[in-house]
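Hi,

Here is the structure I promised to pass on. Have a look at it first, and then read on for what turned up.

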Amino acid sequence: DFKNSIDICHVDDGIQESAVILAEDGSLFSQDAWKQKLCSNGWFRVTFVDPQIVCLSRRGAIVSVQPESGEWDLVGEFENGILDGGWSPDAEVLALITITESESGSKNCILLTMSAEFDVLEEVLLEPFDINAQVTLGWRPDGTLLAVNSLEISDNTRRIRSYHRESLALNSVGRSEDGSGRSVPNLQLPLAWACGGCSNLIASVQCKSKRTQHVVFFEPNGLRHREYSLRSSPQSTFVKSLCWNAQSDILAVLMEEENGSSQLQLWHRSNYQWYLKYEWQYAHTVRCVEFHSEQPYRLFVAFAKEMREYLCCWDVSTYHVTEDSFTAFAIDGHTLNITPFHKALIPPPMYASRISFDHCVRIISSNRDASVVYLSN
């Protein structure tokens, strides 16, 4: 029973590999091994920090777990809770966002880092933000920077700020790319940082209007740079999370409908154009989506009572060749882009023609006489 499961980690001790699922109520599951119940609730993060598993609670608890048996110990506790936190990619530094309270009763938001032995390394005062609104923290894959996405109370605007790992000195503040220095309006909560394979871009979500929402990208210097439309209305669908795979050539977008159903989309970039390559539609709520930390096309999807594992693969392009023709097909969501190269040498992302369908295209297969299209429904 994975009820309310919200985070997954992959444990590889050199002998065997397994997935560990953490539920908000403190239930901890090791795939085909053991089940434990942690103290309290409000749990949100589980990470394998060799040789132990570390769990974080929004109530402030930090727990270490033995991967072989599931036995756990309380390492420490923050009196005012943990708003968000996460380990650096090399698992040597833990970054946490918490609250301190002065003698006068005023509250300050703090970003701090700790070593693998849980000694405090650095801490810095953050710009005041609404503690009733969620905040997210994410590491750059090379571990040199970390980013914080928060709703700042000075002007009620959500911003992404990045900080240096060693000193926590401010590195950048997200802003428009037009040179005005203006903040990017209507940013949403999701935050995911790509590796060098995708220019170290930070992905987030921006609502452009009541009918459109976009995945937007920020460079490490804070400048917003490029975007693509999710083709869904924010009035009925909200983006729950974004997740890059290990090579940052796939971005998973998890969306939730008003009725509790979920959509999971896999997007791929080629020639600076983003293509929707695959979509799953689930009648039930997806709790968590994670790619394997080392196997880039292995995907885990957690529901209320089960976890599914997918192995993702596709041909970059599908083509049909005869003695006198060469036709290429490219999938992009509900549309199939078609180019007969024997008639027109049109380089992607352009195309000669396209066919639209009522549902997303999953597979296209051709022979001399016909083409078959498999849709997501």
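Throughout, a contact means heavy atoms within 4.5 Å. Please also keep in mind that this is a predicted model.

Leaving aside residues up to four places away in sequence, Tyr228 touches His214, Val215, Phe217, Leu251, Val253, Trp267 and Trp274. Tyr228 also belongs to the largest nonpolar core, which has 20 residues. The residues with the most contacts inside this core are Tyr228 together with Val215, Phe217, Leu242, Trp244, Leu251 and Val253. At least two core residues come from each of strand 18 (202-207), strand 19 (213-218), strand 21 (237-244), strand 22 (250-257) and strand 24 (273-282). As background, nonpolar side chains in soluble globular proteins tend to be buried together.

Aspartate 50 and proline 51 are joined by a cis peptide bond, with omega at about 15 degrees. Proline 51 sits in the loop between strand 5 (43-49) and strand 6 (52-57).

Two residues other than glycine have a positive phi: serine 40, near 60 degrees, and phenylalanine 118, at about 70 degrees. Serine 40 lies in the loop between strand 4 (35-37) and strand 5, while phenylalanine 118 is in the loop between strand 11 (107-115) and strand 12 (120-125).

Are these two buried or exposed? Serine 40 counts as partly exposed because its relative accessibility is 38%. Phenylalanine 118, with a relative accessible area of 16%, is buried, as the cut-off for buried is under 20%.

Best wishes

How values were computed: Residues are numbered from 1 along each chain as its sequence is written. This is a predicted model: local features need pLDDT of at least 70, side-chain atom pairs count only at pLDDT 80 or more; totals for chains, interfaces and linings use all residues. Side-chain values use heavy atoms; hydrogens and water are left out. Helices (H or I, at least four residues) and strands (E, at least two) are DSSP runs, numbered from the N terminus. Buried means under 20% relative accessible area, exposed over 50%, partly exposed in between (1.4 Å probe, protein chains only). A nonpolar core is a set of buried Ala, Val, Leu, Ile, Met, Phe, Trp, Tyr and Cys residues joined through side-chain atoms within 4.5 Å.
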